[in-house]
Amino acid sequence: MLIHVASSEEEIGSLGADLIEKLYADKPTAVLGTATGSSPVPLYRELVARHQTGTLSFAKGQFFQLDEYVGVPREHPQSYWRFLCENIVDHIDLPKGGLNVPDERDGNTLDEAAAAYDARIREAGGVDLQILGIGSDGHIGFNEPGGSLSSRTHSGALSRQTRQDNARFFDGDLEQVPTHCITQGLGTIMEARQLLMIATGENKAEAVKELIEGGVSARWPATIIQFHPAVTVLLDEAAASQL
Ligand code: GLP
């Protein structure tokens, strides 16, 4: 695990973008695993900037998003589909159809939709680099504490902690926060060839400490990535403050 404590958001964006720029230089058809939340925003900003200056093209690439809320249509301001369009996809040259987000309508049941998403990832040749954020309770994607460490893409309920953390995006109103999601499982995430974890802010410090110094445990789902052979962790000083 390569851990870097950065002194600014810009540095995090730039270090992350270096990895992704190298990936697309080596393999123009690369599959990028995307994440939402505030953590990857500086990275997306930098990727868009590098695309605009001509150093980075996604024209042959594909994106697979980690997770999505259930019951939130694509056009909803808080859908992860829309987040990705607004923060990166609408500003780069990703081909039409290149953005994949788990979609509850991909099957007659949520289980079928989840299995269809895993199949799509396989057909695309797997994820080359997966961007990850971390929840304050140690979740990655929406894999909440207590879940299986080897799960595939699945639907599930969001923990109260995660719904509280995300209420800020829904007018601070817990009632409006969706209760369910479809998420890549920890087993799916671990199959990506490279992982890029970004964590910023004091409220991530405990989860980051467990991620880096704790034992691997379903209690802190992100700890599973200790078993991955190619992980880069980018932190700010606040997120690294308990190390
Ligand atoms: C959500 C997402 C996660 C994300 C986490 C942290 O719950 N499903 O993928 O990593 O929030 O978000 P933030 O970066 O805003 O703290």
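1. In this predicted model, Asp 67 stands opposite Thr 183 in strand S8, and S8 (residues 180-183) pairs with S4 in the antiparallel sense over three bridges. Two strands count as paired if DSSP finds at least two bridges between them, and strands (E, at least two residues) and helices (H or I, at least four) are DSSP runs numbered from the N terminus.

2. Residues are numbered from 1 along each chain as its sequence is written. Local features need pLDDT of at least 70, side-chain atom pairs count only at pLDDT 80 or more, and totals for chains, interfaces and linings use all residues, while side-chain values use heavy atoms, with hydrogens and water left out.

3. The open sheet of three strands runs in the order S4-S8-S7 with antiparallel pairing; strand S4 (67-69) and strand S7 (154-157) are its edge strands, each pairing on one side only.

4. Helix H4 (residues 110-123) packs on this sheet and touches S7 and S8, contact meaning heavy atoms within 4.5 Å. The direction of H4 makes about 130° with that of S7, where axes are lines fitted to C-alpha atoms, for helices over the stretch in contact, and angles run from 0 to 180 degrees between N-to-C directions.

5. Elsewhere, strand S2 (residues 31-34) points Val 31 and Gly 33 one way and Leu 32 and Thr 34 the other, all of them buried, that is, under 20% relative accessible area with a 1.4 Å probe, protein chains only.

6. S2 pairs in the parallel sense with strand S3 (residues 62-65) over four bridges, with Val 31 opposite Gln 62. S2 also pairs in the parallel sense with strand S6 (residues 129-132) over two bridges, where Gly 33 stands opposite Gln 130.

Notes. Buried < 20%, exposed > 50% of the residue type's maximum accessible area, 1.4 Å probe, protein only.
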